[in-house]
Structure formats: structure tokens, C-alpha cells
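Me: I am new to this structure and want to learn how to read it. Can we take the features one by one?

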Amino acid sequence: QVALVEFGGGLVQTGGSLRLSCAASGDTFTTYTIGWFRQAPGKGREMIAGVTASGRNTHYADSVKGRFTISRDNAREMVYLEMNSLKPEDTGVYYCAANNARYLLGVPTSPSRYNYWGQGTQVTVSS
């Protein structure tokens with residue numbers, strides 16, 4: 001079992017930056033791949049970034065490559081998403097999620113592969 005909660009969403013102008021945090025509880029967190037997903041109103045959840053348990057492998061959606069950085073601190077049971085050069089199309093609810101297959105070598109991109117989800121945090125980027 002693992003519980004996740006997100007912090008750091010807010011309102012920002014185009015070109016601005018935000019850092020999202022995901023705080024975890026549960027001893028198995030350090031063995032799980034973690035993903036950040038975005039959901040816009042009326043749309044499904046899309047993976048924007050993911051990181052394996054070791055932190056050595058990451059995945060980014062094409063739309064955020066070069067602008068967003070995912071990282072994790074297993075000792076503190078935290079995962080971060082640094083978002084720079086924000087655009088209006090980045091707007092949505094951002095969710096932190098965990099895949100409970102231990103020590104995956106890659107990052108699954110389908111929401112159905114993730115077993116535990118946070119409550120979400122709203123990010124709004126104004127034009």
C-alpha cells in the first residue's frame with residue numbers, strides 16, 4: 001500500500017514556472033515507478049513525465065520535453081515535477097500516480113498501469 005498527495009499547483013502566466021511535489025507514505029514507495037499525469041476538462045489523463053524506482057530512467061511527453069523535469073528523493077519519499085516556460089496548453093489537473101510492479105526498468109505510459117493515485121492539484125496557465 002502507498003498513499004500519495006500532491007502540492008504546488010496554482011495560477012501562473014505564460015512563461016512562468018511552478019514546482020509540483022508528491023509526498024508518499026508506505027514502505028514500498030521506493031520500489032515503484034512514479035508518473036505525473038495531466039487531465040484537462042472533458043479529456044482523459046495523459047502521462048507527461050515518469051521516473052523509475054532508481055531515478056535512473058525517465059520518460060517525458062513530447063509536448064514537455066526540454067521544459068519539465070521529474071525527479072525523486074527516495075530517502076524523503078518525495079517526487080517532484082519542475083515546470084518551466086509554461087504554456088496555456090499545460091493547464092489541467094496534475095496527478096501523481098504509482099505503479100506497484102516493483103523495480104520496473106522503464107516507465108509505462110498508460111494510466112491503467114498505475115495503481116495508486118493522489119487527489120490532484122490544479123495548474124492554470126493564463127494567456
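Reply: Start with how elements are named. Strands are DSSP runs of at least two residues, numbered from the N terminus. By that numbering, T31 sits in the loop between β3 (18-25) and β4 (33-39). Keep in mind that this is a predicted model.

Me: How many helices and strands does the protein have?

Reply: There are zero helices and 11 strands. Read from the N terminus, the order is β-β-β-β-β-β-β-β-β-β-β.

Me: How do I read the overall size?

Reply: Compare the radius of gyration with the value for a compact globule. For 127 residues that value would be near 14 Å, and the protein has 13 Å, so the two agree. The C-alpha trace spans about 40 × 30 × 25 Å along its principal axes.

Me: What about the surface and the interior?

Reply: The accessible surface comes to about 6,300 Å². Carbon and sulfur atoms hold 47% of that surface. As for the interior, 44% of the 127 residues count as buried.

Me: How many positive and negative side chains are there?

Reply: The protein has 12 positive and 9 negative side chains. The centres of the two sets lie 4 Å apart.

Me: Is T31 buried or exposed, and why?

Reply: The cut-off for buried is under 20% relative accessible area. T31 has 3%, so T31 is buried. Look at its neighbours too. Leaving out residues up to four places away in sequence, T31 touches A53, A101, R102 and Y103.

Me: Y103 is on that list. Where is Y103 found?

Reply: Y103 is found in the loop between β9 (92-99) and β10 (116-117). Check its backbone angle as well. Most residues other than glycine have a negative phi. Y103 is not a glycine, yet its phi is positive, about 55°.

Me: Which other residue shows this?

Reply: Take E77. Its phi is near 55°, a positive value in a residue other than glycine. E77 lies in the loop between β7 (68-73) and β8.

Me: Why does E77 count as partly exposed?

Reply: Partly exposed covers the range between the buried cut-off, under 20%, and the exposed one, over 50%. E77 is at 22% relative accessibility, so E77 counts as partly exposed.

Me: Now the strands. Which way do β3 and β8 pair?

Reply: Look for bridges between the two strands. β3 and β8 pair in the antiparallel sense, over six bridges.

Me: How many bridges link β1 and β3?

Reply: Strand β1 (residues 3-7) pairs with β3 over five bridges, in the antiparallel sense. Here L4 has A24 in β3 as its bridge partner.

Me: How many residues of β3 are buried?

Reply: Six of its eight residues are buried, so β3 is mostly covered.

Me: Which residues does Y80 touch?

Reply: First place the residue: Y80 is in strand β8 (residues 78-83). Then set aside residues up to four places away in sequence. Y80 touches R19, L20, S21, W36, T69, I70, S71 and D73. Y80 and A49 are 31 residues apart along the chain, and their C-alpha atoms are separated by 10 Å.

Me: How do I read contacts for the whole chain?

Reply: Ask how far apart in sequence the partners are. Among contacts with a separation of 6 or more, residues 24 or more positions apart account for 61%.

Conventions
Residues are numbered from 1 along each chain as its sequence is written. This is a predicted model: local features need pLDDT of at least 70, side-chain atom pairs count only at pLDDT 80 or more; totals for chains, interfaces and linings use all residues. Side-chain values use heavy atoms; hydrogens and water are left out. Helices (H or I, at least four residues) and strands (E, at least two) are DSSP runs, numbered from the N terminus. Contact means heavy atoms within 4.5 Å. Buried means under 20% relative accessible area, exposed over 50%, partly exposed in between (1.4 Å probe, protein chains only). Two strands pair if DSSP finds at least two bridges between them. The radius of gyration is taken over C-alpha atoms; the globule rule is 2.2 Å times the number of residues to the power 0.38. Accessible areas come from the Shrake-Rupley method with a 1.4 Å probe; for residues, only the protein chains shown count as cover. Lys and Arg count as positive and Asp and Glu as negative; His and the chain ends are not counted. The place of a charge is taken as NZ of Lys, CZ of Arg, CG of Asp or CD of Glu.
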